[in-house]
Amino acid sequence: MKAKRVWGLVLAAAMCMAVAGCGQEAAETATTEPQYQVIGTEAEGAYDILLKNSIGQDVTGISVKTSDEEAYPANMLASDAVLKNGETAEWFYMPEEAGETEGVGEKDVALNVVYQVQITLADGTVYELSSLGMDDIDQNAELCLEDDVVFVKYTSKASGDAVSTKEQEVAAKAQKDAESQEEVASEPAPVEEVQQEAPAQQSAPAASEPQQAPVEQIPEQTTEGCLTEGGGPAFN
């Protein structure tokens, strides 16, 4: 009877140790999993992308719109949230829904939707990703900045190849700059106001001074004849 009690205590202690070991292992697993900042709202059907900031400075704003929309919606980051340089965030974005299509059924899906992303940096600079295929990103994406354009590096879900959108963004920036120059060139030049100067008043001609009449020269009288010895004229 006493032996059974001892074995019972041994088994109970062993079970407690096993339970404690499992709990510790679960806790260690939980602590080793990376904890990411969450951008957006987790929901069924939302894109789930691990977005790493490799731009070189903190990101203070992320906004997404389709190419059909004119203005960007509100910032997806909270007012006091920042995606620091070198950090990764878990980015949730609910895709734009398309109407029912043949062969799809009642479930709406995102169909041929082009997404544009506005990125605001800590220094106030704003960049734009002209076209981002979120549905082709295999979970991990990296934001980069080179040659005055922000672009994305990721692995294609469809092909498995490494993708960089840098060339695409450089071409988009060049086109936008060209369009801006054309708009400036097409604007009419400002008309300069011509200031008409009042004609200078012509002063009245000065009264001419009286001119002296030319003095007539009296011809010298000459005496004809010969002189006498006394110097006087000789009369005949």
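Visitor: Leaving aside its neighbours within four places in sequence, which residues is methionine 76 in contact with?
Guide: The model is a predicted one, and in it methionine 76 is found in the loop between S3 and S4. Its C-alpha is 5.6 Å from that of isoleucine 62, although the two residues are 14 apart in sequence. Once neighbours within four places in sequence are set aside, the residues in contact with methionine 76 are Ile39, Gly40, Ile62, Val64, Trp91, Phe92 and Tyr93.

Visitor: Does methionine 76 count as buried, partly exposed or exposed, and why?
Guide: Buried would require a relative accessible area under 20%, and exposed a value over 50%. Because the relative accessibility of methionine 76 is 24%, methionine 76 counts as partly exposed.

Visitor: How many residues of strand S3 are buried?
Guide: Strand S3 spans residues 59-66 and is described as mostly covered. Of its 8 residues, the number that are buried is 7.

Visitor: Which residue in S5 is the bridge partner of valine 59?
Guide: S3 is joined to strand S5, residues 115-121, by 7 bridges, and the two strands run antiparallel. Within S5, the bridge partner of valine 59 is leucine 121.

Visitor: Strand S2 is joined to S4 and also to S7; which of these pairings is parallel and which is antiparallel?
Guide: Between strand S2 (residues 47-54) and strand S4 (residues 88-93) there are 6 bridges, with the strands running antiparallel, and one of the pairs involved is leucine 50 with glutamate 90. Between S2 and S7 there are 5 bridges, and here lysine 52 has glutamate 142 as its bridge partner. The pairing of S2 with S4 is therefore antiparallel, and that of S2 with S7 is parallel.

Visitor: What is the phi of glutamine 139, and where is this residue placed?
Guide: Glutamine 139 has a relative accessibility of 38%, so it counts as partly exposed. Its phi has a positive value in a residue other than glycine, near 75 degrees. The place of glutamine 139 is in strand S7, residues 137-146.

Visitor: What is the phi of aspartate 147?
Guide: Aspartate 147 lies in the loop between S7 and strand S8 (149-156), and with a relative accessible area of 58% it is exposed. This residue, which is other than glycine, also has a positive phi, with a value near 55 degrees.

Visitor: Is threonine 165 buried or exposed, and which residues is it in contact with beyond its neighbours within four places in sequence?
Guide: Threonine 165 is found in the loop between strand S9 (162-164) and H2. Because its relative accessible area is 7%, threonine 165 is buried. Leaving aside neighbours within four places in sequence, its contacts are Phe151, Val152 and Tyr154.

Visitor: Which element gives the most to the lining of the largest pocket?
Guide: The largest pocket has a volume of about 270 Å³ and is lined by 15 residues. Strand S6 (126-132), S8 and H2 each supply at least two residues of that lining. With 7 residues, the element that gives the most is H2.

Visitor: Which side chain does lysine 176 meet in a polar contact?
Guide: Lysine 176 is in helix H2, residues 166-186, and at 46% relative accessibility it counts as partly exposed. It is among the lining residues that lie nearest the centre of the largest pocket, together with Glu128, Glu169, Ala172 and Lys173. The polar contact, at 3.2 Å, joins the side chain of lysine 176 to the side chain of glutamate 128.

Visitor: For the protein as a whole, what pattern does the sequence follow, and what share of residues counts as buried?
Guide: The protein has 2 helices and 9 strands, and read along the sequence they follow the pattern α-β-β-β-β-β-β-β-β-β-α. Among contacts with a separation of 6 or more, 53% are between residues 24 or more positions apart. The accessible surface comes to about 18400 Å², with 51% of it belonging to carbon and sulfur atoms. Of the 236 residues, the share that counts as buried is 19%.

Technical notes. Residues numbered from 1 in each chain as written. Predicted model: local features only at pLDDT ≥ 70, side-chain atom pairs only at ≥ 80, totals over all residues. Heavy atoms only, no water. Helix = DSSP H or I, 4+ residues; strand = E, 2+ residues; numbered from the N terminus. Buried < 20%, exposed > 50% of the residue type's maximum accessible area, 1.4 Å probe, protein only. Polar contact = N/O pair within 3.5 Å; in protein donor to acceptor, adjacent residues only side chain to side chain. Contact = heavy atoms within 4.5 Å. Areas by Shrake-Rupley, 256 points an atom, 1.4 Å probe, with all protein chains shown as cover. 1 Å grid on protein atoms, 1.4 Å probe; cavity = no way out; pocket = protein on both sides within 12 Å on 5 of 7 lines; lining within 4 Å. Points joined across faces, edges and corners; volume = space filled by probe spheres on them.
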